[in-house]
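Trainee: I've got a new structure open and I'd like to learn how to read it. Could you walk me through it?

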Amino acid sequence: MSFKIFLVGVALLLLGLSPQTQAAVVSLPNNSVSPGQTVVTALTIDDATGVQAADLRIEYDPAVLQAITVSKTAFTAGMTLFFNFNPGPQCPMGTLGGVICISLFAVQSLNGGGSLVDITFNVIG
């Protein structure tokens, strides 16, 4: 049995963009996987030029997915990463029941586009 994983509710705060900058496009791929598998999905941005920090909030259905870890990519290797799977005042619960709050920051700004983080899930339902 195979199905698609849809992650919704990506809230993004990018620091370092000038007011004239076009809005950045942040996206997650649609993955087809079966229950019992592990999937790594990349959260990408089309143009992060000038970005020094990003706060991201991703909602998912915990009846379908179990969040395992979040990791930096080659694009964000020079940044500091913090993430949290536990809802609370700084990471409020979403309508789907599962939430990941991610913070990335650095002294040097990013240049161009690429994968911000890789998120690993176990597919359970």
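Trainee: Since it's predicted, how do I read the confidence?

Mentor: The general idea first: where pLDDT is low, the predicted coordinates should not be read in detail. Here the chain averages a pLDDT of 82, and 82% of the residues score at least 70. Over residues 1-11, though, the pLDDT is below 50. That stretch still has 44 contacts in the model beyond near neighbours in sequence.

Trainee: Okay, on to sheets. How do strands get together?

Mentor: Strands of a sheet pair through backbone hydrogen bonds, either parallel or antiparallel. In this chain, four strands form an open sheet in the order 3-5-10-7, with antiparallel pairing.

Trainee: Which strands stand at the edges?

Mentor: Strand 3 (26-27) and strand 7 (65-72). Each has a single partner strand, so one side of each is left without a neighbour in the sheet.

Trainee: What does T44 touch, leaving out residues up to four places away in sequence?

Mentor: T44 touches V25, V26 and S27, plus G114, S115 and L116. For the chain, take the contacts between residues at least 6 apart in sequence: 75% of them join residues at least 24 apart.

Trainee: What about strand 9? Which strands does it pair with?

Mentor: Strand 6 (residues 53-60) pairs with strand 9 in the antiparallel sense over eight bridges. Strand 8 (residues 80-84) also runs antiparallel to strand 9, joined by five bridges. Look at S103 in strand 9: S103 is the bridge partner of D55, and F82 stands opposite S103 too.

Trainee: How many of the eight residues of strand 9 are buried?

Mentor: Six, so strand 9 (residues 98-105) is mostly covered. For the chain of 125 residues, buried ones make up 36%.

Trainee: And how should I think about the inside?

Mentor: In soluble globular proteins, nonpolar side chains tend to be buried together. In this model, the largest nonpolar core has 26 residues. Those with the most contacts inside this core are V70, I100, I102, V117, I119 and F121. Strands 5, 6, 7, 9 and 10 (114-123) are the elements that give two or more residues to this core.

Trainee: Which strand gives the most to this core?

Mentor: Strand 10, with five residues. For a close look, pick I119. Leaving aside neighbours within four places in sequence, I119 is in contact with V39, V40, T41, I58, T69, V70, I100 and I102.

Conventions:
Residues numbered from 1 in each chain as written. Predicted model: local features only at pLDDT ≥ 70, side-chain atom pairs only at ≥ 80, totals over all residues. Heavy atoms only, no water. Contact = heavy atoms within 4.5 Å. Pairing = 2+ DSSP bridges. Buried < 20%, exposed > 50% of the residue type's maximum accessible area, 1.4 Å probe, protein only. pLDDT = per-residue confidence, 0-100. Core = buried A, V, L, I, M, F, W, Y, C linked by side-chain atoms within 4.5 Å.
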